[in-house]
Amino acid sequence: MTTELGLPSLRGGASRDPARPADPRLVDGFGRVATDLRISLTDRCNLRCTYCMPAEGLDWMPREEQLTDAELNRLIALAVRDLGIEELRFTGGEPLLRKGLEEIFSAASALEPRPDISLTTNGIGLARRAGALAASGVNRLNVSMDTLRPERFAQITRRDRLSDVIDGMAAAHAAGLSPVKINAVLLRGVNDDEAADLLEFALTHGYQLRFIEQMPLDAQHGWRRTEMITAEEILARLEERFVLTPSDEDRGGAPAERFVVDGGPATVGVIASVTRPFCGACDRTRLTADGQVRTCLFATGETDLRAMLRGGATDAEIADVWRDAMWGKKAGHGIDDPGFLQPARPMSAIGG
Ligand code: SAM
Ligand code: SF4
């Protein structure tokens with residue numbers, strides 16, 4: 001059922017892997033349990049961040065390949081009801097570009113037990129929509145912003161929209177979607193001198209900042225290990241202005257290492273996917289906009305649930321194939337392995 005990318009997707013049956021324990025949850029062979037479902041709502045985007053996609057954009061997924069709202073709602077309900085999913089994180093591409101997303105959130109928030117619902121967005125159009133998002137059941141937002149300087153924002157995203165993002169965060173905060181989390185990627189020679197300024201901004205506004213190490217997930221395959229800004233460098237730059245102490249809060253499956261800033265209560269996070277991988281505690285499963293389950297951002301294989309949905313499979317059959325897929329999750333992403341292969345799909349098509 002799981003296919004390596006590049007091969008045609010297969011319609012799967014309900015053949016359970018005999019080695020998998022009779023646990024209804026998404027357990028894997030390394031003792032992890034996935035309770036956090038990351039859902040890509042679309043691969044399309046209205047920005048063109050240099051570390052994510054080329055200036056001309058990508059060949060977007062044909063509409064008919066994308067899950068319909070009804071298909072998506074069915075998979076989400078099944079995941080919460082039958083697979084033990086507790087958190088739904090919606091992303092993309094740019095999730096705010098998906099029509100009718102508030103209805104998807106409303107349906108998800110009516111599920112029992114009620115999942116925690118969050119959204120990762122670039123913030124374009126958020127100022128207008130924050131109230132409706134909060135009303136539809138979204139609990140929290142992550143907004144991506146790598147710089148506070150408009151000309152740099154235009155350089156990084158290839159669009160001059162920084163003020164929209166800043167207004168979007170303020171609207172989200174005012175709508176009660178808090179704490180607003182900011183995701184920032186630092187790029188050498190571009191914005192790597194802004195770590196402390198970004199933290200100052202977050203502290204002033206009551207937002208939570210998290211830096212993400214740049215990962216080999218860009219469509220252009222331009223990532224170089226030797227050029228990326230490491231967690232160590234990020235922390236060193238922050239410590240030029242702030243006193244950071246490692247937080248003693250239990251991190252659980254959270255990807256961000258948290259540090260208390262100047263004695264607290266504010267914290268800053270660093271997601272060091274490359275230099276300090278947290279795969280051993282990973283609690284994620286992923287669903288692409290075209291209905292493929294992925295066990296990891298860096299997985300090279302996918303499991304086709306869309307073909308099952310469209311081929312008349314029952315919920316029980318789909319749930320079992322999803323469990324089998326997760327049972328086969330690898331121990332780690334292997335970025336440091338000599339044979340590491342960047343996945344065929346870029347971050348924007350997987351759902352970052
Ligand atoms: N478009 C939305 C946004 O930008 O927030 C959601 C999708 S985006 C792929 C999700 C997150 O992935 C963003 O915070 C973005 O900065 C981050 N991201 C994209 N490409 C990345 C890369 N190559 N390495 C690390 N983070 C990346
Ligand atoms: Fe779009 Fe997000 Fe990728 Fe930037 S990081 S191009 S906003 S999907």
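D262 is partly exposed, with a relative accessible area of 46%. The model is predicted, and D262 sits in its loop between strand 11 and strand 12. Phi of D262 is positive, near 50°, and the residue is not a glycine.

**The loop between strand 11 and strand 12**

- D262 falls in the partly exposed class because its relative accessible area is 46%, and that class lies between the 20% and 50% limits.
- P265 is found in the loop between strand 11 and strand 12.
- The peptide bond joining G264 and P265 is cis, with omega about 5°.
- Most residues other than glycine have a negative phi, and most peptide bonds are trans.
- T267 belongs to strand 12.
- T267 counts as buried because its relative accessibility is 12%, and the limit for buried is under 20%.
- Leaving out residues up to four places away in sequence, T267 touches R258, F259, V260 and V261.
- T267 and R210 are 57 residues apart in sequence, yet their C-alpha atoms are 9.1 Å apart in space.

**Other backbone points**

- A cis peptide bond also joins S178 and P179, where omega is about 0°.
- P179 lies in the loop between helix 5 and strand 8.
- H221 has a positive phi, near 55°, and is a residue other than glycine.
- The loop between strand 9 and helix 7 holds H221.
- H221 counts as partly exposed because its relative accessible area is 42%.

- Helix 6 covers residues 195–205, and its buried residues are A195, A196, L198, L199, F201 and A202.
- An α-helix has 3.6 residues a turn, so residues three or four places apart point the same way.
- The helices that the buried residues of helix 6 pack against are helix 5 (162–174) and helix 7 (231–239).
- The strands they pack against are strand 8 (181–184), strand 9 (208–212), strand 11 (257–261) and strand 12 (267–271).
- G206 follows helix 6 and has a positive phi, near 75°.
- E240 is in the loop between helix 7 and strand 10 (244–246).
- E240 counts as exposed because its relative accessibility is 69%, and the limit for exposed is over 50%.
- E240 and A195 are 45 residues apart in sequence and 9.9 Å apart in space, C-alpha to C-alpha.

**The largest nonpolar core**

- In soluble globular proteins, nonpolar side chains tend to be buried together.
- The largest nonpolar core here has 99 residues.
- I76, L88, F90, F211 and W322 have the most contacts inside this core.
- Helix 1 (residues 69–82) gives the most to the core, with 7 residues.
- I76 lies in helix 1.
- I76 counts as buried because its relative accessibility is 1%.
- Not counting residues up to four places away in sequence, I76 touches I39, L88, F90, I104, A108 and L111.
- I76 and A174 are 98 residues apart in sequence and 28 Å apart in space, C-alpha to C-alpha.
- W322 is in contact with L26, L37, L75, L78, A79, L83, T285, V293 and L305, leaving aside its neighbours within four places in sequence.

**The cavity**

- Rolling a probe the size of a water molecule over the atoms shows where empty space is left.
- The count comes to 1 cavity of 30 Å³ or more.
- The space in the largest cavity is about 30 Å³.
- Its lining is made up of L26, D28, R32, V33, A34, C282, R284, M326 and K329.
- By class, that lining has 5 nonpolar, no polar and 4 charged residues.
- L26 is in this lining and is also one of the contacts of W322.

**Around ligand 2**

- The residues around ligand 2 are C45, L47, C49, C52, M53, G93 and N122.
- This shell divides into 5 nonpolar, 2 polar and no charged residues.

Technical notes
Residues numbered from 1 in each chain as written. Chains lettered and ligands numbered in written order. Predicted model: local features only at pLDDT ≥ 70, side-chain atom pairs only at ≥ 80, totals over all residues. Heavy atoms only, no water. 1 Å grid on protein atoms, 1.4 Å probe; cavity = no way out; pocket = protein on both sides within 12 Å on 5 of 7 lines; lining within 4 Å. Points joined across faces, edges and corners; volume = space filled by probe spheres on them. Nonpolar A, V, L, I, M, F, W, Y, C, P; charged D, E, K, R; others polar. Core = buried A, V, L, I, M, F, W, Y, C linked by side-chain atoms within 4.5 Å. Buried < 20%, exposed > 50% of the residue type's maximum accessible area, 1.4 Å probe, protein only. Helix = DSSP H or I, 4+ residues; strand = E, 2+ residues; numbered from the N terminus. Contact = heavy atoms within 4.5 Å. Near = heavy atom within 4 Å.
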